[in-house]
Amino acid sequence: MKQVELKNGMTVPAIGQGTWRIGDDAAIREREAEALRTGIDCGMTLIDTAEMYGYGKSELVVGDAIKPYDRGKLFIVSKVLPQNAGRKNMRRSCEESLKRLGTDYLDLYLYHWRGPIPLSETVDCLRELKECGLIRDWGVSNFDTADMRELAQLKHGGNCLAVQDLYHIGSRGTEFSLHPYLRKNNIAFMAYCPLAINGTLRSGIMNNTVLRNIASAHNASVQQIMLAWVIRGGNTIAIPKSSSKQHTLENAAAADILLSDEELEQLDREFPAPDREIPLDIE
Ligand code: NAP
């Protein structure tokens with residue numbers, strides 16, 4: 001599995017596993033846990049979850065799925081809701097996530113999206129969780145370049161390890177200024193909705209002739225090409241969600257697909273990179 005190096009010295013797989021909506025349907029929870037285990041066995045050892053997902057049900061499924069594994073080989077990411085991202089609630093939120101996940105630390109704790117609590121208070125609380133060992137590192141989500149610059153002004157804001165935003169072949173807004181900013185500051189980028197799960201855009205992408213031709217040239221699916229495209233730069237981690245073993249196997253295999261310069265140019269013509277700042281797409 002292709003890896004991404006983080007500035008804390010750790011390496012993580014370029015394709016990890018998302019979990020939004022996992023745990024929502026009690027009838028398929030065992031199948032979902034099985035799919036997550038299949039992913040871990042294929043090297044997708046980074047799992048992204050959040051206290052928000054199913055009000056903790058996703059974290060419970062993840063906790064169940066990771067039980068048989070050596071915790072040290074996994075990279076578990078969870079997120080704190082904006083209303084809990086301050087002095088009053090953050091520690092409790094984190095401890096409850098840990099309990100549901102059946103672990104005593106998170107590798108990465110993300111501030112899910114910005115809310116009313118001052119950013120400086122959130123960063124202080126994240127730093128304290130790190131100091132007491134409940135989390136290894138912290139990052140942010142749904143932040144644009146202006147948010148990142150504001151974060152960098154704070155005393156400990158420079159310790160942000162990763163940013164998680166929506167990014168897929170049909171939504172390239174973050175490429176304009178955020179990606180260069182992150183590269184310059186050695187901050188990893190996590191791409192959520194890498195398969196464009198929602199929106200009218202999705203059908204346009206799935207039926208795109210260029211994408212379909214490239215997929216067939218690689219004997220792959222359109223979704224696999226989308227993942228190979230997302231991770232092409234070396235600093236981006238894609239976190240597709242799958243509740244089926246077959247999808248998970250395909251997602252893991254996508255890390256081995258290398259797109260040629262010519263294919264990347266064809267895709268650029270079909271799905272042009274932005275030539276100006278665009279507001280973040282938010283799921
Ligand atoms: P996504 O990963 O882009 O798409 C998931 C959909 O794609 C599911 O319907 C899944 O179906 C299907 N799928 C997965 N692999 C496939 C394959 N190989 N072939 C065909 N279909 C496939 O969307 P997402 O779940 O919204 O985003 C990914 C993760 O990002 C989330 O799960 C979550 O962890 C994170 N996220 C974060 C935020 C945030 O605000 N930070 C927001 C949204 C999402 P099956 O389930 O049937 O396999």
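Before I list any polar contacts, I note that a polar contact is a pair of N or O atoms within 3.5 Å. I also keep in mind that this is a predicted model.

Entry on the ligand. I looked up which side chains reach the ligand, and I found that an N or O atom in the side chain of N142 is 2.9 Å from an oxygen atom of the ligand. For H247, I found a polar side-chain atom 2.6 Å from an oxygen atom of the ligand, while for Y53 a polar side-chain atom lies 3.3 Å from a nitrogen atom of the ligand. I then asked how many residues surround the ligand, and I noted 27, the closest being D48, S141, K241, S243 and H247.

Entry on S141. I located S141 in strand β6, which covers residues 138–141. Is S141 buried or exposed? I wrote down that S141 counts as buried, because its relative accessibility is 1% and buried means under 20%. Its side chain reaches the backbone oxygen of Q164 at 2.8 Å and the backbone oxygen of H112 at 3.4 Å. Leaving aside neighbours within four places in sequence, I listed contacts of S141 that include Y111, W113, D165 and Y192.

Entry on the largest pocket. I recorded a volume of about 720 Å³ for the largest pocket and a lining of 32 residues, with W20, R21, C193, I197 and K241 nearest its centre. By class, I noted 13 nonpolar, 12 polar and seven charged residues in this lining, to which helix α10 (residues 245–253) gives the most, with three residues.

How values were computed:
Residues numbered from 1 in each chain as written. Predicted model: local features only at pLDDT ≥ 70, side-chain atom pairs only at ≥ 80, totals over all residues. Heavy atoms only, no water. Helix = DSSP H or I, 4+ residues; strand = E, 2+ residues; numbered from the N terminus. Buried < 20%, exposed > 50% of the residue type's maximum accessible area, 1.4 Å probe, protein only. Polar contact = N/O pair within 3.5 Å; in protein donor to acceptor, adjacent residues only side chain to side chain. Contact = heavy atoms within 4.5 Å. 1 Å grid on protein atoms, 1.4 Å probe; cavity = no way out; pocket = protein on both sides within 12 Å on 5 of 7 lines; lining within 4 Å. Points joined across faces, edges and corners; volume = space filled by probe spheres on them. Nonpolar A, V, L, I, M, F, W, Y, C, P; charged D, E, K, R; others polar. Near = heavy atom within 4 Å.
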